Every structure is written in structure tokens, then in C-alpha cells.
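Me: Hi! Could you walk me through this one? I'd like to start with the strands.

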Amino acid sequence: MEETYVRHVEFLGFEKRFFPSQHYVYMLMVKWNNLSEKLIYRGYPEIYTFHKSLMEMFPIEAGDIDKKDRIIPALPAPKWLDSQKSTETRQSTLAEYCHSLINLPPKISHCQLVCNFFKVRPEDENPPAQQPLKRNENIVMSTDKARGNTSEISGPIILESYRVIADYSKTSKYEINLLTGDFVEIVEKSPNGWWFCQCDTKRGWVPASYLEPLDGPEEPEEADPNYAGEIYITTKAYKAAQDDELTLETGETIEVIHKLLDGWWVVRKGEETGHFPSMFLHKTGEKKEMESEENVTRRQTPPPRRSTIRNAQSIHGKGRKGISQNTYRRNSRRFLLQKGDWPNQPRKTSNDAPQSPLQERKNGDNIPKPAGSSPGGELKKGAPLIPPRPSPELIMERCTENTCKKVSVRKSN
């Protein structure tokens, strides 16, 4: 049987609890070698007791015989009375301690004492009941600070609150069930559209499409479309289930033009645009981390899209403004034409005269002759060239969406 050991410990922050009395516990995301993840809660006195037991188990590595041989990291003793300020101050110290501990030789980092300490307990999955008048307060450590093991202390980050717009039934043990109208607090927003949140005493992953911000329907963090595009490679094939999605095979190179928080990004492949699950994309030139592979293992299917949710009940009068694929395609063509990268256009050389796209049309008789031309078709010297009148199709292609609507209304009348 394969040995089970802790591969990584990510320090998330701490929680202020009021039952049975006021105290603080730290939140640790423990990642094991079998690609499982568990969220655990440990108080600082318990962490220090574990540290002392580890020192006693390995006296040489603890420096008890010779201080030069010490490799077990140091940990300050707990104070008589813990406050929120002292709990915040210890965050970086604990994050650095956990990182050093897991990187010790296997005889220490893989020992039974370490595994038992980081193993999930029943009280981790079902925390004690909350006080009726006071809710537990979560203060999350900045991700950059926690992973960078820096000595600088970041201020507390208040968790964002979202509302559930429809009932959701979990499809794996890593997710949680939600009911319409529930309020959740977001611990982590993953770019693949799965968010780690907590609802009362439950904690787990939920699709972002089932959540809406309290202030308004729009996501303030959502970026605008970038029609210049970022180059990505598909890591898994996907067959389109809706008209505004793209079907792509594994290993295809595409351009991402809009990163949406629900995990369904808008991509461009040649002249076509469409939604595609971001969890099946990998940016070129970047080393694929083990964590991203673990996310794919844990959640093998992309999150559901907002358009597939039935009986969605929003508290906002106006719904979220979406951009149609026609708008994406039209703006993409306009950008590429201005840049000169439109795939249908031949590349211009220094010997080629500038030509209008209309000169390639079959009905070239409708193009008026330039002024100042002789009967033989030769231009007079110094005579200005009059550009040909664009066709109705080209006008409709380059005009705005409002103009297209007005023209369509006139044609119908």
C-alpha cells in the first residue's frame, strides 16, 4: 500500500470563534500526495504542543545534542492571552513554519506524528455550533503573502458575501449543497469557475454561475474584452453543447479574448469566436504547476453556465449584461482589420499597390472609375484617386450594433 503523506500546506488565515468562549483557530488547506485536499482548523497552543512533540521525537534534528545539527524550524511559545492582533502577527511565522516543515527529510515530514496532526478530524468538517447572536469572523491572509513566505504582515481581508440564485446539488464530496437565497462567503475564487466558499458551517466548492454579488448584477472584478488575445493551448477536447460555444480538440492553439469569472472564457479560433471552459486551457510559455493538475483531477467537468440554470431568482431588477457572439465576432474582425492580421486578407508587399477589399468582388462593374481617367483607362498625372463606394454588406459588417438594428427595422417596414 502506498504511503500517504502531506505534500503541501497552504496557510489561508484564521477564524475568530465565540463558542464555547472567544478563541482563534488557523485555517490550513492540507494537500496530500494522493491529490486530495482538506481544510483543517488548528489553534496556536495545539500547534505549539505538536512542535514540542516533534522536537522530542527527533532530538538530533532539534539541536538538543548539537545546535549545528538543528534542521527543525523554530516556533515561539504561545502567549498567556491571545488577541486578534497577536493572532494576525503570527500568520507569516506559521506559514513559513509549515513550508519548512513539509520540506524536511522524509523521515520527519512523512512520519506518523506529522500525518496525524494534519489529518482531517470530525470537528474540521462539522465545526462547533455558532452563538445565535454572534457569527464566526473569518480573516483571510493575502495569497501572495502566504505563498511567498515573506516576513511582511498583511492587513485582514474581509470575505466577500454572495447570494445564491438557484438550488444547487453537489456532484462530488468536495462541493456543498446550496438553496436559493442562501448567503455564502468566498474564500477563494478559482479562474476555472469553481469557488471555495462557506455557508454557515458548510465549506466546499460551488460554481460561480450560481452566485451573484449583493451590490448589483455585474461583477466588479470582471475584465473587459481584450481583442489582441492571449495565446493558450487546449489541454482537453470539448464538444460544444450550445450555439455560442466552440468545439476544440486537445492541443489546439487559440486566442483568449475575454476572461469571465464563471470559468467560461471567450476564445478566438481563426474567424470564429465562442465560449470554452477555461479549466481545459493552458497558457503558452508557462510551466504547468502541480496544483492546476490537481484541480483538474478533483473537478473533471467544467462548472455549469448561467444560461443553463433554471428558475434563477435574482434580487436585482436588471440582469447581468452579456455580450453576444455576434458582437465579439464583429469587434474581433474590426480589430484584426485595423491591425492587418485578418486571415482572408493577403499580405501586402512593397511592390503591391494598396487595394480595396471590394476589388475582389465579382460585380466589379458597380465600382465607379476614378476621376481624371482617360478613355483608355490610364490615369492623368496628378489626378486624385476617388475611393470606391463600399458595398452594403461591408457597411453592415463595420457599423455599430445600434445601426444594424435601425437598418433591420427599416427593412422590415
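Reply: Happy to! Two strands count as paired if DSSP finds at least two bridges between them. Helices (H or I, at least four residues) and strands (E, at least two) are DSSP runs, numbered from the N terminus. Strand 8 (residues 194-199) and strand 9 pair in the antiparallel sense, over six bridges. This is a predicted model, where local features need pLDDT of at least 70, side-chain atom pairs count only at pLDDT 80 or more, and totals for chains, interfaces and linings use all residues. Residues are numbered from 1 along each chain as its sequence is written, and side-chain values use heavy atoms, with hydrogens and water left out.

Me: Thanks. Which residue in strand 9 is the bridge partner of C197?

Reply: That's G204.

Me: And what does D200 do in the hairpin?

Reply: D200 takes a positive phi near 60° there; the hairpin of strand 8 and strand 9 has two residues between the strands.

Me: How many residues of strand 9 are buried?

Reply: Five of its six, so strand 9 (residues 202-207) is mostly covered, where buried means under 20% relative accessible area, exposed over 50% and partly exposed in between (1.4 Å probe, protein chains only).

Me: What about aromatics, how many pairs?

Reply: The count is 12 aromatic pairs. Rings of Phe, Tyr and Trp (its six-membered ring) pair if their centres lie within 6.5 Å; planes under 30 degrees apart are stacked, over 60 edge-to-face, and the rest tilted. One of the pairs is Y238 with F276, edge-to-face at 5.8 Å centre to centre and 90° between the planes.

Me: Where do Y238 and F276 lie?

Reply: Y238 is in the loop between strand 11 (230-234) and strand 12 (253-258), and F276 is in strand 14 (residues 272-277), so the pair ties together parts that are 38 residues apart in sequence. Y238 is buried at 15% relative accessible area, and F276 is buried at 0%.

Me: Which residues form an aromatic cluster?

Reply: F11, F14, Y24 and Y26 form one.

Me: Last one: which ring does R90 lie over?

Reply: R90 lies over the face of Y44, at 3.9 Å from the ring centre. Likewise, R42 lies over the face of F117, at 5.5 Å. The rule is NZ of Lys or CZ of Arg within 6 Å of the ring centre and within 35 degrees of the ring normal.
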